Amino acid sequence: MATTTTAVYAVDGMSCGHCVDSVTEEVTEVPGVTDVAVDLEGKKVTVTSEGTVDDAAVRAAIDEAGYEVRD
């Protein structure tokens, strides 16, 4: 049984429901991702996955949605 892991990303530029939908749609496509929770007020995206979160793939997906991950 795979271990479930969670990673939290600080993301700039999100402000509405469309932002939530865009980020959720892109990040959900990353292999292994099982859940995406977007916190507009906190400007955070929490990603849950089976096994280790593919950090580069999640960052690329957020970028593809039009937003920037803060380091």
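View 1. In helix H2, which spans residues 55-64, the buried residues are Val58, Ala61 and Ile62. Because they cover an arc of only 100° around the axis, they lie on the same side of H2. An α-helix has 3.6 residues a turn, so residues three or four places apart point the same way. Ala56, Asp63 and Glu64 are exposed on the other side of H2. The model shown here and in the views below is predicted.

**View 2. Surroundings of helix H2.** The cover over the buried residues of H2 includes strand S1 (4-12), helix H1 (17-28), strand S3 (44-50) and strand S4 (68-70). After H2 comes Gly66, which has a positive phi near 100°.

**View 3. Packing of helix H1 against helix H2.** The axes of H1 and H2 are 8 Å apart, and the two helices pack at an angle of about 145°. The crossing of H1 past H2 is right-handed. From H1, Val23, Glu26 and Val27 meet Val58, Ala61, Ile62 and Glu64 of H2. The residues of this contact comprise 5 nonpolar, no polar and 2 charged.

**View 4. Pairing of strands S1 and S3.** S1 and S3 run antiparallel and are joined by 7 bridges. Opposite Ala7 stands Val47 in S3.

**View 5. Hairpin of strands S2 and S3.** Strand S2, residues 33-39, pairs with S3 in the antiparallel sense over 6 bridges. Thr46 in S3 stands opposite Ala37. The hairpin formed by S2 and S3 has 4 residues between the strands, and Lys43 in the turn has a positive phi of about 55°.

Key:
Residues are numbered from 1 along each chain as its sequence is written. This is a predicted model: local features need pLDDT of at least 70, side-chain atom pairs count only at pLDDT 80 or more; totals for chains, interfaces and linings use all residues. Side-chain values use heavy atoms; hydrogens and water are left out. Buried means under 20% relative accessible area, exposed over 50%, partly exposed in between (1.4 Å probe, protein chains only). The arc is that of the directions from the helix axis to the C-beta atoms. Contact means heavy atoms within 4.5 Å. Axes are lines fitted to C-alpha atoms, for helices over the stretch in contact, and angles run from 0 to 180 degrees between N-to-C directions. A crossing is left-handed if the near helix is turned anticlockwise from the far one by less than a right angle, and right-handed if clockwise. Ala, Val, Leu, Ile, Met, Phe, Trp, Tyr, Cys and Pro count as nonpolar, Asp, Glu, Lys and Arg as charged, and the others, Gly among them, as polar. Two strands pair if DSSP finds at least two bridges between them.
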